[in-house]
Each structure stands twice: as structure tokens, then as C-alpha cells.
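Please keep the structure in view and find each element as it is named.

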Amino acid sequence: MRQQLSAWLGGYAWTALALLLMSACGRPADAPEIQLTSSVTVLRGAVNGVLVQRSGKQLAVYGDPRPEPSQAEHVLFTHHRRDVAWAGRGLVERGAKAVGPAAEAELFSGVNEFWQGYETSRFHDYAQQSTKIFAEPLALEQTVREGRGIEWEGLRFEVLDTPGYTRGAVSYLAEIDGERIAFVGDLIYEGGRIHDLFSLQDAIPDANTRGYHGYAARAADVILSLQKIANWKPTVIIPSRGPVIYEPQRDIDLLVERLKRLFMAYYETDALRWYWGDDNLRIRASRVLGDQPIEWMPLATQLRQTPPRWMHKFGTSRLLVSDTGAAFLIDCGTEDAMQNVRDLYQRGVFKKLDGIFITHYHDDHTDKVQEMRLEFRVPVYAGPEVKDILENPQAYRMPAVTANPIRPVEVLQEDGKLRWNEFEFTYKYFPGQAIYHGGLLARRDDGETFFFIGDSFSPSGLDDYCILNRHFLHADRGHFLCLSLIQNLEMPYLLVNQHIEPTFRYSDEQLEFMVDRLNRKKAAIGEMVPWDDPNYGMDEQWVWLYPYWQQAKAGEPFEMQAIVFNHSAEAREFRITPRLPAGWQSSSPSVVASAAPRTEARATIKVTPPPGATGLKVITADVAFADKDLREWTEALIRLEP
């Protein structure tokens, strides 16, 4: 019957009839291939591809995610991210003209220069921008920006600058077959969601805030860009990932409302308020919340403005001096801190240094530890969670990581005790400001007790402003764990933030307030990201390659590990597929890491570069689990020697 109808109606007429029938029954289903209009086909896959056909010719938006991509005259990129833009590379290699945002042109064509610089600039990194750019360049033949549209076969693709998910993203707007279609990249995901929040970390120049401190700062740009899209009144939005959006205004309103709920909870417990004041907080908050009043938490009671006689503070360091004349140092990140220790030693304030404890890996707490260790010939202590990043910082890509390895590090286990003269030290894993972070409970025999918590809290709240530090929102992880530890301390204590002169303590009401706001954040994020657990949307490195950087020899095999943290509430199998440079070989096409709920798993990848290869190379890897198919999601750097 269909063949007879097709012969009678002709191809285009049959498509029109099919569209009419679908219109009568509702919008097209979320199928692998959706005939949205007579000339617009949406290809659902790891990312979306959109093919527009006119006069026997074809234009693609985003690309073609199928294993064998079609031919196209043009491919329109909305942003540079390799985990999306990979779908267009095959079309470009087949002759399609690559079109993309002018503001991100260098992130398509200048990737070799980026990676050469990033090999060293990743240390002491406070910009906190995504590294999900191409491993190999892809040149744009035409760049676009707002007001500079594309004419193709009688169609006009208007361009709007829509920064948010990336700094220089654009959207394409076109009226095709009676539909007003917006192609917005990752600006929004169906259901009033966004793919993740860690990609939004950025600086806030108006508040003198660099990227490290800019908690999902481009959320403000997302909101402004969504408003621009809404003003155009699209009937359909086709994002680069996820289902087609058939109710644009509803989804836009939902995402904006959820972002505002998240940021209200965030700013009510903002640690930076202590450092920078109320006015600065209002500037940062108003970008998302407007003039909406914030019910911020009252400052913690500052119970001691000056340290006890045996505690000396300089920068982010504390020097504890025993009644015996010995000393113990906590953190050492600057030359000034080292010089202060030397001065106190030369003045006879202490007779010898017995050891150094490190709260966490950040450079302002660690840069001078190895030098201090060698000068005074003392052991260095840290928790098991912190040991490896201190000894092998080159193996990690984390914010503000030091370039100076600290070796060896002696491990203090959880609740492990170290007796030092009249002090008893107890180690606590304390992943507040960062995942690789510990705390040291120091109790004197006279009962004075101080809990050295690194940078995890200030008197105004939670130090969670840098999402890429990996702040888990599980009930037994991250700040939830830290607050539980504080709530369960039976002895009288004062909290010591390494940056802050006064020591302080929270009331029970303040502790409950922070727990409540963490739960509100978790709920808002859970509604906002298209993952089965909100932590995937906050943890960029839930899967990563270890070591992040290593040296290898051409022609000789080497190993790396795919490390996966399963944030899901059920066991998962994660398939990791390395994407290697031309001529490289892997012992297997992919590896599988099996992880129980809320645990980490590893799988080994064996790789051999070709003989004669030299220089810096970038390996990327695909990750697939459950219904997720993430292409070129993570990367590692390999420095090849002859």
C-alpha cells in the first residue's frame, strides 16, 4: 500500500503527508532519525546531527554522528568542544566547508599551540577552562558572529552570539518549511536542563574574580543567551545533545528558574563573603539573581582573634612550637613562609623542625614543601588521599596544582594518631575545598584543640567556588562528610582555615543551615542535568586518564589507566575506547572498568607509539555506560622521546 501511495504522491508529497499525520498525532518521536520537516532531518546519536536538503544539496548543522557520514556542502559548528564537534570532522574531511564562531576560531585551528603551552601552563592554573578541544586542528573556512549570517540555497541562517556553555558559542536561527528552528549547541538540554555545570566555570571581571573562584559563572551568560533565543520565538530548538525541544519557552523558563534556585543556595553559604565582603557577593550574585535578596548565613562565632602563644601564622602556613622547643609545620607554599620559619629558627623561637603536614595539594600550600623538607631534613605527612598527587603532580590535571613533587610522603591513615611531644595529632579525610584534601586534629595535653581544615570553610560558609576541585554531593562525601565530622566532634575545638587569622566555630544551627543548603543545591542540580546522579554534572573528572602527563619512548609500549568514579546508585560497567594518533597501536580496541555504586574502578590501557615519533601527543578517549555515549570525553598528554 505504501509503495502504491509513494508512486502516486512522489517522494516529497509522501514526506508532506507523513508530516501531516505526525502533526495530527503530536510531535515526532524521539527516534534515531527524525524527519522534522520535509527538508530537515535530525540524526540522533552520541550527539545530534542535522541535515538540511535543498535542490539535491545538503547542509549539516553539528555534523553527522553516523559511522559513515553523508556528503554535505557546509557544516555549521556552534562551538569548539571536541566532544560535540567530532561529528562534523568526517564531513569536513569529505569536502564540506567548515563554518564556526569567530570568537573560537583558534580553538579549532590553533590546537597544536594550545597543547604545547598547556603542557606547562596547567600547573598553577587559575583560569579553569575546559580542555575538551580537538587533539588535531580543524580549520574553519568561514567564521561567523552575531549579525553575520549564512545564505545557502535560498535559506538564511541568522547568527546570534550565545556564550554560556562555552565563551564564544553562537546559535543559528532559520525558518524552514514553516518551522522557526534554533540550533543552539549545548546552551540548553531538553526538559529545562543543561548538559553539565562544570563547563560554566569562569572569571567575573566586574567582581575582580578569576576563573578559579567563579562558580559556574557563565550561568549568567546562559540566561542572557536563552533570553535572546526566546525573543526570536522559535517553534523548535535542536540542541547538539539530547532530544529535540518542542516547547522552547517552557524549557527555557525551567532552566532559568533552576539556575536561580541553585545560585540562591550557593550564595547563602558563600565562603568568599568572608574574604571579599557583602558588596562583592551582591555583584556576583546579581548576575543570576538580579536584586533578589539573599538570606545568607550569619558569620560563625570568631572565638579567638589571636593565635595561642605556641601557634605562629604566616600566609597559608601554621608553625606549632612545642614546650620542648621543637616545631611542626602545617603547609608551606611560599618563599615568604620559608623565610618566616628560618627567621623564627635563627631567633631561637624553636630549636628544631620535626615534621611537615600538608592539608591539600594546592600550590599556595605546597610549592615550598620539598625545599623545606630538604633544608631541615624532616618527614612530610599527609593522608592517603593526598599522597599521590603530592608525589606525582604531573600525573594530574587539577586546579592550582603545584609543579614541585614532594617525595617521599609518609601516610597518616584515617583516625591515625601521631604523638608529638604534648600534642596528639589525628588525621581526618576532609574533602571540603577539594577531593584531595585532609584535616589534622591537634589536641594538646592541656585540652586545647584545634582542627586544621585547610581551605574547606570560612566563617561565612563553604569553600566550593571552584567546581573543578571536585566537590562531591553524596551524603557521605565532600562537604556533607566534612560537616558530619564537625558535628560529631565531642571535644571543644576551634577550626583553623590556613588563610584566616581568627579561629572559629559554627553553632548547631549554622551547621544545619549549611547541610540544608547543600541539599538544596543537590536537588536543583539533579533537576538540571541529564544524568542519573547530579554529581556527574559537577565532576568533570568522574573519568580520567592516569597519568595525565607522562614521558614515553617512540616504538616502545607504555601503560595508562582509565580511572572511573561511579556516581550512580547501582553498579556500572564503563567502556573506555582510546582515540590514538595515526600510526599508534593499542593492545585492545577498548577496556572495561566495572565499579560498584559510589566507588572508583580502574582499567589498564596499553599503547605503543610508532618508531620515530617525537614531541607532544594528545590521546583522547570515548566513554560509554548505560545510555551515555561520550566521544573524546577525556585526554592525556604524552611527551615522546626518540
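1. Helix α5, which covers residues 111–121, lies across the strands β29, β35 and β36, and its direction makes an angle of about 75° with β36. Please keep in mind while reading that this is a predicted model. Helix α3, made of residues 82–93, lies across β35 and β36, and it runs at about 95° to β36.

2. Which sheet do these helices lead us to? The strands β29, β36, β35, β31 and β33 follow one another in that order in an open sheet of five strands, and the pairing within this sheet is mixed. The edges are taken by β29 (549–553) and β33 (591–595), each of which has a single partner strand, so one side of each is left without a neighbour in the sheet. From one strand to the next, the twist of this sheet averages 35°.

3. To place the two strands against each other, look for Ala624, whose bridge partner in β36 is Asp629. As a reminder for the reader, strands of a sheet pair through backbone hydrogen bonds, either parallel or antiparallel.

4. Another open sheet of five strands has the order β8-β9-β10-β11-β12, and its pairing is mixed. Here β8 (150–152) and β12 (236–239) stand at the edges with a single partner strand each, so one side of each has no neighbour in the sheet. The twist in this case averages 25° from one strand to the next.

5. Within this sheet, strand β11 (residues 179–185) and β12 run parallel and are joined by four bridges. Helix α6 lies across β9 (155–161), β10 (170–176), β11 and β12, and its direction is at about 170° to that of β11.

6. How do α6 and its helix neighbour α7 cross? The axes of helix α6 (residues 219–232) and α7 come within 10 Å and cross at roughly 160°, and an angle over 145 degrees counts as roughly antiparallel, which is why α6 and α7 are described in that way. Their crossing is left-handed. On the α6 side the contact is made by Ala219, Val222, Ile223, Leu226, Ile229 and Ala230, and these meet Gln249, Ile252, Leu255, Val256, Leu259 and Phe263 in α7. Sorted by class, the residues of this contact are eleven nonpolar, one polar and no charged.

7. Helix α7 (residues 248–268) also packs with helix α9 (residues 278–289), at an angle of about 165° and with the axes 9 Å apart. The two helices are therefore roughly antiparallel to each other, and the crossing of α7 and α9 is left-handed. Leu259, Lys260, Phe263, Met264 and Tyr267 of α7 make the contact with Leu281, Arg284, Ala285, Val288 and Leu289 of α9. This contact of α7 with α9 has eight nonpolar and two charged residues, and no polar ones. A reader who compares the two lists will find Leu259 and Phe263 of α7 both in the contact with α6 and in the contact with α9.

8. Two hairpins deserve a separate look. Strand β2 (residues 40–43) and strand β3 (residues 49–54) run antiparallel and are joined by four bridges, and the hairpin between them passes through five residues. Val42 has Val50 in β3 as its bridge partner. β3 then pairs with strand β4 (residues 57–61), again in the antiparallel sense, over five bridges, with Val52 partnered by Leu59 in β4. In the hairpin of β3 and β4 there are two residues between the strands, and Ser55 in the turn has a positive phi of about 55°.

9. The last point concerns the aromatic rings, of which the structure holds 44 pairs. One of them is the tilted pair of Tyr396 and Trp544, at 5.2 Å centre to centre and with 40° between the planes. Tyr396 lies in the loop between α13 (384–391) and β19 (410–411), while Trp544 lies in strand β28 (residues 543–546), so this pair ties together parts that are 148 residues apart in sequence.

Note on methods: Residues are numbered from 1 along each chain as its sequence is written. This is a predicted model: local features need pLDDT of at least 70, side-chain atom pairs count only at pLDDT 80 or more; totals for chains, interfaces and linings use all residues. Side-chain values use heavy atoms; hydrogens and water are left out. Axes are lines fitted to C-alpha atoms, for helices over the stretch in contact, and angles run from 0 to 180 degrees between N-to-C directions. Angles under 35 degrees count as roughly parallel, over 145 as roughly antiparallel, 65 to 115 as roughly perpendicular and the rest as oblique. A crossing is left-handed if the near helix is turned anticlockwise from the far one by less than a right angle, and right-handed if clockwise. Contact means heavy atoms within 4.5 Å. Ala, Val, Leu, Ile, Met, Phe, Trp, Tyr, Cys and Pro count as nonpolar, Asp, Glu, Lys and Arg as charged, and the others, Gly among them, as polar. Two strands pair if DSSP finds at least two bridges between them. Rings of Phe, Tyr and Trp (its six-membered ring) pair if their centres lie within 6.5 Å; planes under 30 degrees apart count as stacked, over 60 as edge-to-face and the rest as tilted.
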